[in-house]
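The labels used for a structural model rest on cut-offs.

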Amino acid sequence: MTRQESPYRWVVFLTALAAYYLIVSQRTAPGLVTNSWMSEFHISAGALGLMDSVQFLAYALLQVPVGLLADRFGPNRFLIFGTLTNALGTLLTGVATHAWMLFVARFLVGVGDATIFVNLVAVINLWFRAQEFVALLGIIGVAAGLGSLTATVPYALWIHAWGWRSLFVGVSLILFGLCGTLYLVVVQRPKRMFEGDGKRAGEPVRPASVREAVRQTFTSRQAYALAMCHFGLVGTYVGFMGSWGVAYFMQVFHMARSAASAMIMVGLVGAMVGGPLTSWLASRFGQVKRLYTLVHAVTFLSWLAWFASGMRPWFGLVPVLLALIGYGNGGSSLTFAIVRQTFPVERVGVVSGFANMGGFVSAVLLPSLFGAVLDQFPGDRALGFHVGLLIPVLFTTMGVIGALLARDEKRCASVPVQETV
């Protein structure tokens, strides 16, 4: 029995997924304690914004290097390294005594976060069959949504009961435990179980030239098209929901913070539904490119409708638009289905990283651009938010263009030179 036929592959997947779920929860958990950090460490709101940017910038910049390392040396140990680095950053957050320690901690969290997703995709690419791959991407999307939901009410209750430091220390201890579990599950045990398996899951497919892999990726129209797709779907959702979403509802609709947070949860639910639903539809009907283009069109039209509704849209429309935008973020998992479909297996890691980078470059740009627009309308926040909504409209336009440029032909198997003569 090979690895892709063994029931043990589900143990590998679920263990790696547990680490990913906790790491995703650490992306937005600091938003629950910003007031405590500002008063305890005497830092400004601008400095806290810079801290968030450092975390996501580290994530974005490391996507291509992480993909190269996964392709060249295999994803197993880098999956463990990412979990360990995130655990260290989370622990340092919990024990920080100075503001500079928080900056270092969030940088480490960003590095660990950058490492985990690409290697998780690479692991399931090697352990699971092609027909299972798309469906598993949907499950990963659900785990990401649950991680984001965990960083709302559950973490808030934990902080209320035991303090914010205990939250970060407790999560870090769980992540340290998962590091040891991952080592046993994806490194040690498979060596004994599949000793005769020539294609060892988690090991490099072949020793690739880094220079050639970079050249092929950065000169590939397909890679840029998929990065544009992710730029349009992921960055608009993460950048707006994570930075200005709550403020929008508080200032435009004069809602309480708790009610505004509940509105954001509508988008999270949409994202949790979007991942498995689009993956199931793609697996059922096989029209990945067509479905992917439809997801982009729905997301673009949702942002456009929100902008076109004026400074104070009809309130009943907004939850529907939030759910559709969240659905588009969940559907972004199809990016990696097309990567696997159209690129050789030895380049899946680096191209996945390149495409994923597009989404988080967008997530870095949108909050700052939105803030710059709001600064132009200090006396009328509703008008400022209305004009600011043009930014995700433009970003999702890039996503639609990327979806139209992307191809979905099946990748061809390599043919030896002798057979072509």
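What follows is a set of questions and answers on a predicted model.

Q: How confident is the predictor in the protein as a whole?
A: The pLDDT averages 84 over the protein, and 92% of the residues score at least 70.

Q: Which stretches have a pLDDT below 50?
A: Residues 198–203 form one such stretch, with 15 contacts in the model beyond near neighbours in sequence. Residues 411–421 form another, with nine contacts counted in that way. Where pLDDT is low, the predicted coordinates should not be read in detail.

Q: What makes a set of residues a nonpolar core, and how many residues does the largest one have?
A: The members must be buried residues of the nonpolar kinds, joined through side-chain atoms within 4.5 Å. The largest core has 90 residues. Tyr20, Trp37, Ile124, Leu137, Ile140, Leu226 and Leu334 have the most contacts inside this core. Helix α6 (residues 99–127) gives the most to the core, eleven residues. Apart from this core lies another, of 32 residues, which include Tyr237, Phe240, Val318 and Phe385.

Q: Which residues does isoleucine 124 contact, leaving aside neighbours within four places in sequence?
A: Isoleucine 124 is in contact with Phe13, Phe133, Leu136, Leu137, Ile140 and Arg340. Two residues with heavy atoms within 4.5 Å are in contact.

Q: Why is α18 called roughly parallel to α19?
A: Helix α18 (residues 381–388) packs against α19 at an angle of about 5 degrees, with the axes 4 Å apart. Angles under 35 degrees count as roughly parallel, so α18 is roughly parallel to α19. His386, Val387 and Gly388 of α18 make the contact with Leu390, Ile391 and Pro392 of α19.

Q: How many residues of each class are in the contact of α18 with α19?
A: Four are nonpolar, two are polar and none is charged. Pro counts as nonpolar and Gly as polar in this scheme.

Q: Why is serine 25 called buried?
A: The relative accessible area of serine 25 is 0%. Buried means under 20%, so serine 25 is buried. This residue lies in helix α1 (residues 8–28). Beyond neighbours within four places in sequence, serine 25 is in contact with Gly147, Ala151 and Tyr155.

Q: How do you know whether alanine 223 is buried or exposed?
A: Alanine 223 has a relative accessible area of 1%. The cut-off for buried is under 20%, and alanine 223 is therefore buried. Alanine 223 lies in helix α11 (residues 221–243). Not counting residues up to four places away in sequence, alanine 223 touches Thr217, Phe343, Val351 and Phe354. From alanine 223 to leucine 182, 41 residues apart in sequence, the C-alpha to C-alpha distance is 30 Å.

Q: Why does glycine 275 count as buried?
A: Its relative accessible area is 0%, and the limit is under 20%. Glycine 275 is therefore buried. Glycine 275 belongs to helix α13 and touches Gly138, Gly330, Gly331 and Ser333, not counting residues up to four places away in sequence. Alanine 247 is 28 residues from glycine 275 in sequence and 27 Å away, C-alpha to C-alpha.

Q: What makes arginine 221 exposed?
A: Arginine 221 has a relative accessible area of 57%. Exposed means over 50%, so arginine 221 is exposed. The residue lies in helix α11.

Q: What sets the phi of histidine 42 and of histidine 254 apart for mention?
A: Most residues other than glycine have a negative phi. The phi of histidine 42 is near 55 degrees, a positive value. For histidine 254, phi is likewise positive, near 55 degrees. Histidine 42 is in the loop between α2 (34–41) and α3 (45–61), while histidine 254 is in the loop between α12 (245–252) and α13 (257–285).

Q: Are histidine 42 and histidine 254 buried or exposed?
A: Relative accessibility is 69% for histidine 42 and 63% for histidine 254. The cut-off for exposed is over 50%, so histidine 42 counts as exposed and histidine 254 is exposed too.

Terms used. Residues numbered from 1 in each chain as written. Predicted model: local features only at pLDDT ≥ 70, side-chain atom pairs only at ≥ 80, totals over all residues. Heavy atoms only, no water. pLDDT = per-residue confidence, 0-100. Buried < 20%, exposed > 50% of the residue type's maximum accessible area, 1.4 Å probe, protein only. Helix = DSSP H or I, 4+ residues; strand = E, 2+ residues; numbered from the N terminus. Axes fitted to C-alpha atoms, helices over the stretch in contact; angles between N-to-C directions. Parallel < 35°, antiparallel > 145°, perpendicular 65-115°, else oblique.
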